[in-house]
Amino acid sequence: MKIRATAELIDYLGGNKQERKRELISISHDLSPKKGEPSARVRRAAIVLAYAHWEGFVKDAARAYVRLASHKSRSLSSLTLSFQALACRQELTIAQAATRRIQPHIAVVKRFIDDLESSCHINQDAAIDTESNLTAEVFENICHCIGLDYRGNWATHGPFIDDMFRNRCEVA
């Protein structure tokens, strides 16, 4: 899906959240016993499903935000630091691996000196590295990628995120 405006991003995220919420409520209703407490099996399934929806929403939301940012044709200098890093990630990765060759390092410097006012491209597929599981560390990295203040807004939730991840792993 193309996201070209803030309103489209908000609509996409709202729809995604509502769809996930409806599914969780439906599954909860389907799995719950008619009377009494839910069984241990239902509680374990709820942990896995809640984690999967949390992980999926974070990844979808971050990717959608990158799609919005990359759709707008902007110069490298006009982007925030995190999006400048995403735009230059390929050159930086190549330069990191080049321990003896100087040409990849020159390409990085050229990008920051000569190409600052040129329109840049962000590789949407490689911009957000979701890794295989959404731990607090991975979530922090995703926040940094899209320019969210993890320390100020989310760091206190890190232990909860890791607990949710551990509980999901124990069930799996």
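Visitor: In which helix does Glu170 lie, and is Glu170 buried or exposed?
Guide: In this predicted model, Glu170 lies in helix 9, a helix that spans residues 158-171. The relative accessible area of Glu170 is 65%, and since a residue counts as exposed when that value is over 50%, the word that applies to Glu170 is exposed.

Visitor: How far apart are the C-alpha atoms of Glu170 and Val48?
Guide: Along the chain, Glu170 and Val48 are 122 residues apart.

Visitor: Which residues of helix 9 meet helix 2, and how many residues of the contact are nonpolar?
Guide: From helix 2, the residues taking part are Arg44, Ile47, Val48, Tyr51 and Trp54, and they meet Ile161, Met164, Phe165, Asn167, Arg168 and Val171 in helix 9. Sorted by class, this contact of helix 2 with helix 9 has one polar and two charged residues, while the number of nonpolar residues is eight.

Visitor: Is Arg44 buried, partly exposed or exposed?
Guide: Arg44 is found in helix 2, and is one of the residues there that meet helix 9. Its relative accessible area is 42%, and because a buried residue has under 20% and an exposed one over 50%, Arg44 is partly exposed.

Visitor: How far is Arg44 from Val58, C-alpha to C-alpha?
Guide: Arg44 and Val58 are 14 residues apart along the chain. The separation of the C-alpha atoms of Arg44 and Val58 is 22 Å.

Visitor: How is helix 2 oriented relative to helix 7?
Guide: Helix 2 and helix 7, the latter covering residues 136-146, pack with their axes 10 Å apart and at an angle of about 15 degrees. Helix 2 passes helix 7 in a left-handed crossing. Because angles under 35 degrees count as roughly parallel, the orientation of helix 2 to helix 7 is roughly parallel.

Visitor: Which residues of helix 7 meet helix 2, and how many residues of this contact are nonpolar?
Guide: Trp54, Val58, Ala62, Tyr65 and Val66 are the residues of helix 2 in this contact, and they meet Phe139, Ile142 and Ile146 in helix 7. By class, the contact of helix 2 with helix 7 has no polar and no charged residues, and the count of nonpolar residues is eight.

Visitor: Is Glu55 buried or exposed, and which residue has its backbone nitrogen 3.1 Å from a polar atom of the side chain of Glu55?
Guide: Glu55 lies in helix 2, which runs over residues 40-71, and with a relative accessible area of 14% Glu55 is buried. Leaving aside neighbours within four places in sequence, Glu55 is in contact with Ser132, Asn133 and Leu134. The backbone nitrogen that lies 3.1 Å from a polar atom of the Glu55 side chain belongs to Leu134.

Visitor: Which backbone oxygen lies 2.9 Å from a polar atom of the side chain of Gln84?
Guide: Gln84 lies in helix 3, residues 81-87, and counts as buried at 14% relative accessibility. Not counting residues up to four places away in sequence, Gln84 touches Leu76, Ser77 and Leu79. The backbone oxygen of Leu79 lies 3.4 Å from a polar atom of the Gln84 side chain, while the backbone oxygen at 2.9 Å is that of Leu76.

Visitor: How is helix 4 oriented relative to helix 5?
Guide: The axes of helix 4, residues 89-97, and helix 5, residues 103-113, come within 8 Å and cross at roughly 150 degrees. Because angles over 145 degrees count as roughly antiparallel, the orientation of helix 4 to helix 5 is roughly antiparallel.

How values were computed. Residues numbered from 1 in each chain as written. Predicted model: local features only at pLDDT ≥ 70, side-chain atom pairs only at ≥ 80, totals over all residues. Heavy atoms only, no water. Axes fitted to C-alpha atoms, helices over the stretch in contact; angles between N-to-C directions. Helix = DSSP H or I, 4+ residues; strand = E, 2+ residues; numbered from the N terminus. Parallel < 35°, antiparallel > 145°, perpendicular 65-115°, else oblique. Buried < 20%, exposed > 50% of the residue type's maximum accessible area, 1.4 Å probe, protein only. Polar contact = N/O pair within 3.5 Å; in protein donor to acceptor, adjacent residues only side chain to side chain. Contact = heavy atoms within 4.5 Å. Nonpolar A, V, L, I, M, F, W, Y, C, P; charged D, E, K, R; others polar. Left-handed = near helix turned anticlockwise from the far one by under 90°.
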